[in-house]
Amino acid sequence: MNTTPMGFRLHIAILGRRNVGKSTLINAITNQQIAIVSEVAGTTTDPVFKTMELLPLGPVVLIDTAGLDDNGELGALRKEKTYEVMDKTDFAIIVLDAEDGITAFEKELAAEIKKREIPSIGVINKCDLISVTTDLVHEYEDTLGIPVTKVSSKTGYGIEELKGFIADHAVYDDTQLNILRDFISPNDTVLLITHIDCAAPKGRIILPQQQTIRDVIEAGATAIVTQEKILVQTLEKLKEPPKLVVTDSLVSNIVEPLINAKIPFTSFSILIGRQKGNLEEYIKGLKRIIKLQAGSRILIAETCTHYRQERDLAKVQIPQYVQDLTGKEMSFDWTSGTYFPRDLSKYDGVIHCGGCTINRQEMNSRIRIAKENNVPITNYGMLITCAQGIIERVLEPFPNIHSIYQSET
Ligand SMILES: Nc1nc2c(ncn2[C@@H]2O[C@H](COP(=O)(O)OP(=O)(O)OP(=O)(O)O)[C@@H](O)[C@H]2O)c(=O)[nH]1
Ligand code: SF4
Ligand SMILES: [Mg+2]
């Protein structure tokens, strides 16, 4: 629990054809036997994730993948998994075999990565077997349109340089960590309202709330954490009004009348949705979901795989909010953890949690998949605050988003 959460680590995927030495490369970078290596093409069948401190870059996840040039039914499945890895990739390493050079496959791969706007580099592996001149490296750079370096994963040649090369080209987008920092200044006070009931995890507060507290502290401000039951007493103790009040969506309707209308008021879900999702898409999605016909099929997606409690949010409360909001009976399916279907054709809507355990890239890939399938997507917080009749109030601190809400029909 002392390590950086997965959602905040730079995800680096190692991609390429079978047998080019992807697994050998990950072992060389980590200096550990993480992945199985063999001369048989198609050795790696499932992605292998390794968290590490990659100096000078910082906390990363290295992901070894199955060769993308695999044929047959099993190959198609492996390819699918590798494409899922691409959905969460912040930085891609395309591995080439020095003896084979660039094939049509690498060109296609580089184009796919570029299409997804993922920064990438090329690594020419197996340079112990054949001499690779600097001119050839430049030629490969021109052909693929990305920076290229050369290594031998077997002998260790070029591996230390590769780490520096990755750090030079992989930019960690720090704004991923910004939940509310743009709202507050040092010495401000932020009031955070949690909600603890039988559906809440035992012995801890949930990750979006932990992350928000961390962000307040990072800004040099003070976080006061309370719960709705003693909110009045907490407010009475405050000498000055808080700069911002953030509430658990589930109790936002109870809390809202108690907060002076002049104080900016929002929910954890809205903040997390802004940080790593897309509030505009969630508003458009919400408005379409409200209009769905009875019997429509909705996918409820969560990224954590916690034990389901009584009155579970995904299983019980979200369907209830949909019913309250639409007045119609819908049918529901659920998905949790890292799985998210690429084919959403059987669904009429997706309601997603904040996705605090995945990175921004992956959350946005899910939104992209929903858009490609023309299926509306919204998040828990939007749905709940809308059902409670206070969505406009929690959107007010974000005037652009608020006006999109008002203009969307
Ligand atoms: N000579 C030499 N052989 C290498 C090097 N890197 C990998 N190999 C060999 O290439 C073969 C394939 O290596 P892997 O690391 O399993 O390749 P992979 O890309 O992970 O292959 P798949 O998992 O099948 O997609 C093995 O026999 C390795 O020992 C290298 O730098 N030099
Ligand atoms: S992963 Fe989703 S359901 Fe789990 S705590 Fe984070 S936002 Fe909530
Ligand atoms: Mg492999």
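The whole structure holds 22 salt bridges, each a side-chain nitrogen of Lys or Arg within 4 Å of a carboxyl oxygen of Asp or Glu. This is a predicted model, in which local features need pLDDT of at least 70, side-chain atom pairs count only at pLDDT 80 or more, and totals for chains, interfaces and linings use all residues. Residues are numbered from 1 along each chain as its sequence is written, chains are lettered from A and ligands numbered from 1 in the order in which they are written, and side-chain values use heavy atoms, with hydrogens and water left out. Helices (H or I, at least four residues) and strands (E, at least two) are DSSP runs, numbered from the N terminus.

**Salt bridges**

- Side chains of opposite charge can pair when their charged atoms come close.
- Asp100 pairs with Arg17 in a salt bridge, with the closest N and O atoms 3.2 Å apart.
- Asp100 sits in the loop between strand S4 (91-97) and helix H3 (104-115), and Arg17 in the loop between strand S1 (10-16) and H1, so the pair ties together parts 83 residues apart in sequence.
- Asp100 is partly exposed at 41% relative accessibility, while Arg17 is buried at 12%; buried means under 20% relative accessible area, exposed over 50%, and partly exposed in between (1.4 Å probe, protein chains only).
- Asp215 and Arg181 also form a salt bridge through their side chains, at 2.7 Å from N to O.
- That pair links distant parts of the chain, 34 residues apart: Asp215 is in helix H6 (residues 207-218) and Arg181 is in the loop between H5 and strand S7 (189-194).
- Asp215 is buried at 2% relative accessibility, whereas Arg181 is partly exposed at 30%.
- Glu281 and Lys371 meet in a salt bridge of 3.3 Å, N to O.
- Glu281 is buried at 14%, but Lys371 is exposed at 51%.
- A network of salt bridges links Asp87, Glu112, Lys115, Arg116, Arg342, Arg368 and Glu372.

**Packing of H1 and H5**

- Two packed helices are described by the angle between their axes and the distance between the axes.
- Helix H1 (residues 22-30) packs with helix H5 (residues 159-169) at about 90°, their axes 10 Å apart; axes are lines fitted to C-alpha atoms over the stretch in contact, and angles run from 0 to 180 degrees between N-to-C directions.
- H1 and H5 are therefore roughly perpendicular, a label for angles of 65 to 115 degrees, with under 35 roughly parallel, over 145 roughly antiparallel and the rest oblique.
- Leu25, Ala28 and Ile29 in H1 meet Ile159, Leu162 and Lys163 in H5, where contact means heavy atoms within 4.5 Å.
- Five residues of this contact are nonpolar, none is polar and one is charged.

**Ser269**

- Ser269 lies in helix H9 (residues 268-276).
- Leaving out residues up to four places away in sequence, Ser269 touches Ser249, Asn379 and Gly381.
- The side chains of Ser269 and Ser249 make a polar contact of 3.2 Å.

**Positive phi values**

- Lys126 is not a glycine, yet its phi is positive, near 70°.
- Lys126 lies in the loop between strand S5 (120-125) and helix H4 (134-144) and is partly exposed at 21%.
- Asn374, also not a glycine, has a positive phi of about 55°.
- Asn374 lies in the loop between H12 and strand S14 (377-379) and is exposed at 54%.

Note on methods:
A polar contact is a pair of N or O atoms within 3.5 Å; within protein, one must be able to donate a hydrogen and the other to accept it, and residues adjacent in sequence count only if both atoms are side-chain atoms. Ala, Val, Leu, Ile, Met, Phe, Trp, Tyr, Cys and Pro count as nonpolar, Asp, Glu, Lys and Arg as charged, and the others, Gly among them, as polar.
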